[in-house]
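My notes follow in the order I checked them.

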Amino acid sequence: MNKFIITIFFLQFSICAIAQSQSAQKPNTPGFYTNPIFSGDYPDPSILRDGDNYYMVHSSFEYYPGLLIWHSKDLINWKPVTHALHKHIGNVWAPDLVKYKNKFYIYFPANGTNYVVWADSINGKWSDPVDLKISNIDPGHITDEQGKRYLFFSNGGFVPLSDDGLSIIGEQKSSYKGWPIPRNWSIECFCLEGPKLIKRGEYYYITAAEGGTAGPVTGHMVVSARSKSLLGPWENSPYNPIIRTKDNTEKWASKGHGTIIDDVKGNWWMIFHAYEKDFYNKGRQTLLLPIEWTKDGWYKVKKDVNDSGPIKKPNLATSTSNFTLNDNFAGNKLKPQWSFFEELDTNRFKLANNSLTIKAKGNGVGNSSPLLCIPEDHSYSVDVEMLIEGKATGGLVLFYNSGASSGMLANKDDILANLRGWQFAAEKDIVKNHVFLRLKNINNTVDMYYSKDGVNWNKIENSFEVSAMHHNVFSGFLSLRIGLCSIGEGKVTFKNFNYKAIK
């Protein structure tokens, strides 16, 4: 009888513990946050603290306008500020956002060289890109004790910068060689990259990525080293790798590209990116973890912190964000979530009367340079109203790159399904130049609907599945984005873009 009572007690205790654990992991637990802090395709984060303001920028690849800057007061809730890049110069990777003598700079690689844009205010106006005429990737800015400026690159070397930060004034010097990865680990490549540097006390600290950006979930990692000179020698941290996915059961895969920052209260944090298990098509998302400094001058992730569970919020000023993907196309400027793929032609589109009109282009989704935005959720519905002029075809699609997309389109007469490039009429002679389209994505299975009045919806026969539309299949380091297409000859006018998370 005593054994029976004890067994019942432990069963009840276990059930309560499980319930409490599940409750604690809800995102709305007071005083806690859950990762990611940027849900969706926000890779290679670079963060800057300016007083009690925090700013962040990410890789923008072939999406233009590019280099969208975000602002926060609490490191958790973020609002878009402005795009810093308005001139198409190619594929933009791994930027570094810095402030020097009351000016702001973003250094970034593109088109086989490195560029810088600058502004007197974080809000802009930002300059046209200045070509630094040096190859390599992932620039990381650092100022030495004499106030001289340098850029580190992914090979661990560095070059001196002019005082104004707009030119290279010397030869590249070799410096950090990286942390030796055990040969029996499953990695994509050694691939030292993403160096971010700070000066703290008598040491320079370098935070870098190794192991390859994608590939095996255990590959990408964050390492650190310190030196009293930018030339080295560098002493690798005894806590390396600072962050790494250990096996494929973890929620976050390929964790890397870290940057450390102190908040206004003196606490320290690391931002980094990672792929989400089963949702690689969302791209690399931005995560935040608290770190701590040891007595002997190293930093590490705080003990008992789990990047997949609830984490105590920073004790900072209250910050909120009312940012939403919904858009009624009011005003005369595109909202900041929108970017065109592989072009920025301001003569191609016009906003007026709560409508967005885009000139038709190309002969298919892939070469139509669709207008794209980043979905935030695993499951969601999105719909838009379209008016079609001339021989144009409008569309609502999920777009990875010019060779990988699926969705629903319409010409002046017919509803068209497009399944990975296989395009055909799904419903004929029902459009009459005006139609509403809807995609409903439930955990990567997508159903398609149309409506004549925006109230009564009809599902077409065809659906598609998108879980494999990601970098490990198609390369490119991109993500699956929601796209508005205007294809062919004529114009497509879009109204009432509605995005709704499905929980």
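**Sheet and hairpins**

I began with β7 and β8, which run antiparallel and are joined by 5 bridges. This is a predicted model, and I read it as such. Within this pair I found L97 opposite I106 of β8. The two strands make a hairpin with 2 residues between them. In that turn, K101 has a positive phi of about 50°.

Next I followed β8 onward. Residues 103–110 form β8, residues 113–119 form β9, and 7 bridges pair them in the antiparallel sense. I noted two partners in β9: T113 for A110, and N114 for P109. β8 and β9 also form a hairpin, again with 2 residues between them. Here N111 is the turn residue with a positive phi, about 55°.

Then I put the sheet together. It is open, has 4 strands in the order β7-β8-β9-β10, and pairs antiparallel. How many residues of β8 are buried? I count 7 of its 8, so I call β8 mostly covered, with under 20% relative accessible area as the cut-off for buried.

**R348**

I moved on to the loop between β24 (339–341) and β25 (349–352), where R348 lies. Is R348 buried or exposed? It counts as buried, because its relative accessibility is 5%. Its side chain makes a polar contact of 3.2 Å with the side chain of E343. Beyond four places in sequence, I listed contacts of R348 that include F340, T357, K359, S368 and S486.

Terms used:
Residues are numbered from 1 along each chain as its sequence is written. This is a predicted model: local features need pLDDT of at least 70, side-chain atom pairs count only at pLDDT 80 or more; totals for chains, interfaces and linings use all residues. Side-chain values use heavy atoms; hydrogens and water are left out. Two strands pair if DSSP finds at least two bridges between them. Buried means under 20% relative accessible area, exposed over 50%, partly exposed in between (1.4 Å probe, protein chains only). A polar contact is a pair of N or O atoms within 3.5 Å; within protein, one must be able to donate a hydrogen and the other to accept it, and residues adjacent in sequence count only if both atoms are side-chain atoms. Contact means heavy atoms within 4.5 Å.
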